[in-house]
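Q: Please show me the structure, and let us read it together, one feature at a time.

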Amino acid sequence: MLIDETGRMDEEIEYLQVKKPKIMEGIQPQKGWIEAIGGSMFSGKTEELIRRLKRANIAKQKVEIFKPRIDNRYHETKIVSHDNNEIFSVVVESASDILLLAPKDLEVVGIDEAQFFTEGLPEVCEILAGRKIRVIVAGLDLDYLGKPFGPMPALFAIAEFVTKVHAICPECGYLASHSHRITEGDELFLVGGKDEYLPLCRLHFYEKNPHLVKK
Ligand SMILES: [Zn+2]
């Protein structure tokens, strides 16, 4: 069992990457794979992404984070700082920009807000993994209508490791998997915070959205 909620999967793969265990003669060690992290709003997706990247950074691996441009800001944001090592979040226009901007010696790439990228993102992740890069991609797996969001289903399919994280449903205290939009509007790409979305469990999501119940 490689995946559990304590992050054991993460430690296992770091062991493989850092320690380079003895392998059968003639077989190259695996270096380059895809990890997908999905969940609702306020489920800690980005925190989980950052946690993994921080650990790689501490191990002195070359790390970078990419985010899609979803508003008018275009800038670099410092995400992590440890012993003068910094991870910058680079805002890109499209998934293919990640290929252009990823440094040649990059070892680990984080991709946040993956749901806002186009369907081209899974292919980009596969190209990066083919370059022996550890790819960690995090995003909202369901939109506010409870439908699979953008490239997330394909990312879950091609990833070697899939982690679902959850918020807590304020109605019942059960794990929240859905993002309920509180405000009006049918814009799919509404970027919002606590005033716009409420994480809910399946039961309470469909209770508040009876028009979305599948029959
Ligand atoms: Zn609930």
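Q: What share of the contacts in the protein chain with a separation of 6 or more comes from residues 24 or more positions apart?
A: Two residues are in contact if their C-beta atoms, placed from the backbone, lie within 7 Å. Residues 24 or more positions apart account for 71% of the contacts in the protein chain that have a separation of 6 or more. Please keep in mind that this is a predicted model, in which local features need pLDDT of at least 70 and side-chain atom pairs count only at pLDDT 80 or more, while totals for chains, interfaces and linings use all residues. Residues are numbered from 1 along each chain as its sequence is written.

Q: How many helices and strands are there in the protein chain?
A: Helices (H or I, at least four residues) and strands (E, at least two) are DSSP runs, numbered from the N terminus. The protein chain holds 6 helices and 11 strands.

Q: What percentage of the residues of the protein chain count as buried?
A: A residue is buried if 20 or more other C-beta atoms lie within 10 Å of its own, exposed if 12 or fewer, and partly exposed in between, with C-beta atoms placed from the backbone. Of the 215 residues in the protein chain, 34% are buried.

Q: Which strands pair with β1?
A: Two strands pair if DSSP finds at least two bridges between them. Strand β6 (residues 134-140) runs parallel to β1 and is joined to it by 7 bridges; G39 has L140 in β6 as its bridge partner. Strand β7 (residues 161-165) also pairs with β1 in the parallel sense, over 5 bridges, and there G38 stands opposite K164.

Q: Where does G32 lie, and what is it in contact with?
A: G32 lies in the loop between α1 (8-19) and β1. With 16 other C-beta atoms within 10 Å, G32 is partly exposed. Leaving aside neighbours within four places in sequence, its contacts are A129, G130, R131, K132, I133 and R134. The C-alpha atoms of G32 and R131 are separated by 6.8 Å, although these residues are 99 residues apart along the chain.

Q: How does the span of helix α2 agree with its number of residues?
A: The expected span of a helix is 1.5 Å times one less than its number of residues. For the 14 residues of α2 (residues 45-58) this gives 20 Å, which agrees with the 20 Å between its end C-alpha atoms.

Q: Which residues of α2 are buried?
A: They are K45, T46, L49, I50, R52, L53, A56 and N57. These residues cover an arc of only 165 degrees around the axis, which puts them on the same side of α2; the arc is that of the directions from the helix axis to the C-beta atoms.

Q: What follows α2, and is K60 buried or exposed?
A: α2 is followed by K60, which lies in the loop between α2 and β2. K60 is not a glycine, yet has a positive phi of about 65 degrees. With 11 C-beta neighbours inside 10 Å, K60 is exposed.

Q: Which strand pairs with β2, and in what sense?
A: β2 pairs with strand β5 (residues 108-111) in the parallel sense over 4 bridges, and G110 in β5 is the bridge partner of I65. Strand β2 (residues 63-68) is mostly covered, with 5 of its 6 residues buried.
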